[in-house]
Amino acid sequence: MEIKETTESSLLILVVSGEIDLNHSPALRTILRDKAKAKTLQLLLDFAAVPYVDSSGLATLIEYYQSSKAYSGKMAICSLVPRVRSSFDLVRLSEVFAIFPDQAEARKALAGGSA
Amino acid sequence: MSPTPKKTNPPSDVILEVKDLVQSYNGRAVLNGLNFKVRKGETFVIMGGSGCGKTTLLRILIGAQKPTSGSVHLFGEDITKASTQELDRIRLRFGMNFQFGALFQSMTVGENIALPLQEHSQVDPSLIEMVVKMKLELVGLTGFENFKPAELSGGMRKRVGLARALALDPELLFSDEPTSGLDPVMTAVVDQLTLDSTRKIGVTAVVVSHDMTSCFRIATHMLMLGSGPRQGEIIAEGTPDEIRANPDPFLQQFVRGEADGPIAFRLSQDDYLKHLLQEG
């Protein structure tokens, strides 16, 4: 798994590539915990190149979501491939997270405060 | 704690291959030279009447029992020749949903589901708690983490067993009679879970069942094991449509659930007479 990070004013974009499973979710967790500690106000996770997310990966995202709520941080996820989208849907995380079809939609929502 | 096993799938899409499998007890073959393959993404249903050897076959497929002869290649490795250590590594890649849940009675529902993650992963306890909640949501038991198995109905226990089998997000799920004893609504729920796991997430499922409605609802491939005079052999194998169209009277009696046919409930008149007159 690889994570590329870019910042655009108050928006932090993490472009993740590779599977997020038991082997890789700890690395994602370390990064997300750092971002929560730094009180990142707007975080966009681009999963276009993520073919699979297991339960430990989903739990890692919930943990960040929970931490960011404490300081009114916003989090959005975009570009889920169908298999990953299904993993979110099956445990109703699509109802919890702000999920968008692409980066443009996610940026718009974050900028407009609807994410 | 062991790391997640390295995925070593064979180059083909075959996940499980059974070759010339024989299981005999006291010289009587319960399984007699079985050959079949399960491919990635399939829902492979093994059907058969009571005592036909379905559960024995499942025990052999998961490495809980060594067959009399033959081989079982799981993810490309022959588990009939695997050491305990090798088997433990292979077992991390599949989940087993036992017929009656096989839950630890002294543990809560949450502890039962968390167990595989605690034993076989390095996932942080706070994340494991979230995974448990997600798995319970998946099987429609949100909020039941602190219940003990004895406080649940049989159907609920079965669903907890399924949640535990899915705890490590296995590539392959074995299920032993996942819908027996469930009401029609809960049967449909469990079937839908199997369908979601296979079609949407890409899990491969091997399901042992004699619930025909459920079998035809979930299967992409079916195999029928014989009993009585055809004990130990594969009666038929194919897609659900091929199974429906197969004229084998043994198969059709089973599929239609008819009392009369080659699957004998009683001995023939001659055999009964012989039995009655037999001395000793």
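In this model, which is predicted, the contact between the two chains takes 17 residues from chain A and 15 residues from chain B, where two residues are in contact if their C-beta atoms, placed from the backbone, lie within 7 Å. Because the model is predicted, local features need pLDDT of at least 70 and side-chain atom pairs count only at pLDDT 80 or more, while totals for chains, interfaces and linings use all residues. Residues are numbered from 1 along each chain as its sequence is written, and chains are lettered from A, and ligands numbered from 1, in the order in which they are written.

On the side of chain A that touches chain B, the elements giving two or more residues are α2 (55–70) and α3 (82–90) of chain A; helices (H or I, at least four residues) and strands (E, at least two) are DSSP runs, numbered from the N terminus. The most comes from α2(A), with seven residues, and the residues on this side of chain A divide into six nonpolar, six polar and five charged. In these classes Ala, Val, Leu, Ile, Met, Phe, Trp, Tyr, Cys and Pro count as nonpolar, Asp, Glu, Lys and Arg as charged, and the others, Gly among them, as polar.

Across the contact, α3(A) packs with helix α6 (residues 184–201) of chain B at an angle of about 155°, their axes being 9 Å apart; axes are lines fitted to C-alpha atoms, for helices over the stretch in contact, and angles run from 0 to 180 degrees between N-to-C directions. The two helices, α3(A) and α6(B), are therefore roughly antiparallel to each other, since angles under 35 degrees count as roughly parallel, over 145 as roughly antiparallel, 65 to 115 as roughly perpendicular and the rest as oblique. From α3(A), the residues that make the contact are A:Arg83, A:Ser86, A:Ser87 and A:Leu90, and from α6(B) they are B:Asp196, B:Lys200 and B:Ile201.

Within chain A, five strands form an open sheet in the order β1-β2-β3-β4-β5, with mixed pairing, two strands being paired if DSSP finds at least two bridges between them. Its edge strands are β1 (2–8) and β5 (98–100) of chain A, each pairing on one side only. Strands β3 (residues 42–49) and β4 (residues 74–78) of chain A run parallel and are joined by five bridges, with A:Leu43 standing opposite A:Met75 in β4(A). Helix α4 (residues 103–112) of chain A lies across β2 (11–17), β3, β4 and β5 of chain A and runs at about 165° to β4(A).

Chain B is assigned domain 1 (14–93 + 170–277) and domain 2 (105–168), with bounds that come from an automatic or database domain assignment. The centres of these two domains of chain B, taken over C-alpha atoms, are separated by 27 Å, and 11 residues of domain 1 of chain B are in contact with 11 residues of domain 2 of chain B. On the domain 1 side, the largest share, four residues, comes from α6(B).

Chain B also has an open sheet of four strands, in the order β2-β1-β4-β5 with antiparallel pairing. Strands β1 (residues 14–25) and β4 (residues 69–74) of chain B pair over five bridges, and B:Lys19 has B:Ser71 in β4(B) as its bridge partner. Elsewhere in chain B, the axes of helices α3 (residues 109–120) and α5 (residues 154–165) come within 8 Å and cross at roughly 25°, which makes α3(B) roughly parallel to α5(B).
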